[in-house]
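These are my notebook entries on one chain, written down in the order in which I looked things up.

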Amino acid sequence: MVKGDIPRALAELWEEFKILLALHPDLGFVVIEGARIADIPSFYAEINRVYMADESWQIGSLDGFDDLLYGGFGKVQDAKKKTIIWKDIAHSRAALGVTTTLAYYQEKLAANSPFNHTYFQQKLADLQAGKGQTYFDIVAEIIQSHPKIDWIY
C-alpha cells in the first residue's frame, strides 16, 4: 500500500464500520456526523437521521433530545448500553456556538413568545458576559447527564 492509499483505506473502513453499526442497532452505537451540523435545525435533522429514521415523528427540542437519551423510542431503544460516536465535533461545537445561541435566546425573547422572558433574558445576559452556556454546551451537558451513555469524539 502506498502512503496516499492510507487515507482512502481509512475512509473505506469507516464507511464499512458505519454500515455494520446501522445493521446492528442492538449494539447501541450511533454515529453523529458533526460536519452536517450548521445550526440548531440541522442539529435536530442529524439527530433525527441517526435516531428517529423509523419513527413517525421527530425530535425538535432540548427536552425531546434528553427524553430520547433516556430510551423507550428511537433506533437504539432496546440496547443495554448506548454509545454516541460524534465525528467532526469541533465543527459542531463552532456551529452551535455563541452566535447561534445568541439568536436562539433572542428568538425566545420575541414579543409574542410564550417562553419565560426573565429566564431567557438572564441566559442571554450570561452568554453576552462570557459566562453562559452555548447551545453545544447544553447538548453536551444533556449527554453527560446520562450515565448509561458513552460519548466518543
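Predicted model: local features only at pLDDT ≥ 70, side-chain atom pairs only at ≥ 80, totals over all residues.

**Entry 1: the whole chain**

I looked up the overall layout and noted 7 helices and 3 strands, which follow one another along the sequence as α-β-α-α-β-α-α-α-α-β. Taken along the principal axes, the C-alpha atoms fill a box of roughly 60 × 40 × 25 Å. Of the 153 residues, 41% count as buried. Among the contacts with a separation of 6 or more, I found that 59% come from residues 24 or more positions apart.

**Entry 2: helix 1 and its surface**

I then turned to helix 1, which covers residues 5–23 and has Leu10 in it. Leu10 is exposed, since its relative accessible area is 54% and the cut-off for exposed is over 50%. With Ile6 and Leu13, Leu10 forms a nonpolar surface patch whose accessible area comes to about 300 Å² together.

On charged pairs, I noted that the structure holds 6 salt bridges. One of them joins the side chains of Glu12 and Arg8 at 3.8 Å, N to O; both residues lie in helix 1, 4 residues apart, or about one turn of the helix. Glu12 is partly exposed at 43% relative accessibility. Another salt bridge joins Glu15 and Lys18 at 3.2 Å, N to O, and these two are separated by about one helical turn because they are 3 residues apart in helix 1. An α-helix has 3.6 residues a turn, so residues three or four places apart point the same way. Glu15, with a relative accessible area of 39%, is partly exposed.

**Entry 3: Glu33 and strand 1**

Which residue is linked with Glu15 and Lys18 in a network of salt bridges? I found Glu33 to be the residue that joins them in that network, and Glu33 is found in strand 1. Is Glu33 buried or exposed? With a relative accessible area of 9%, Glu33 is buried, which follows because the limit for buried is under 20%. Leaving out residues up to four places away in sequence, I listed its contacts as Trp14, Lys18, Glu46, Arg49 and Lys87.

Strand 1 (residues 29–33) is mostly covered, with 4 of its 5 residues buried. Strand 1 pairs with strand 2 in the parallel sense over 5 bridges, and the bridge partner of Glu33 in strand 2 is Lys87.

Thr83 is found in strand 2 and is buried, with a relative accessible area of 7%. Its contacts, apart from neighbours within four places in sequence, are Gly28, Phe29, Val30, Asp150 and Ile152.

In the loop between strand 2 (82–87) and helix 4 (89–95) I found Asp88, which has a positive phi of about 55° although it is not a glycine. Asp88 is partly exposed, at 37% relative accessibility.

**Entry 4: helix 2**

Why do I call helix 2 largely enclosed by the rest of the structure? I do so because 9 of its 12 residues are buried; these are Ile40, Ser42, Phe43, Tyr44, Glu46, Ile47, Asn48, Val50 and Tyr51. What covers these buried residues includes strand 1, helix 3 (62–70), strand 2, helix 5 (98–108) and helix 7 (135–144).

I also checked the length of helix 2 (residues 40–51): at 1.5 Å a residue its 12 residues should span 16 Å, and its end C-alpha atoms are 16 Å apart, which agrees.

How values were computed:
Residues numbered from 1 in each chain as written. Heavy atoms only, no water. Patch = residues over 30% accessible without salt bridge, like charges linked within 9 Å, V, L, I, M, F, W, Y side chains within 5 Å. Areas by Shrake-Rupley, 256 points an atom, 1.4 Å probe, with all protein chains shown as cover. Salt bridge = Lys/Arg side-chain N within 4 Å of Asp/Glu carboxyl O. Buried < 20%, exposed > 50% of the residue type's maximum accessible area, 1.4 Å probe, protein only. Pairing = 2+ DSSP bridges. Expected span 1.5 Å × (residues − 1). Contact = heavy atoms within 4.5 Å.
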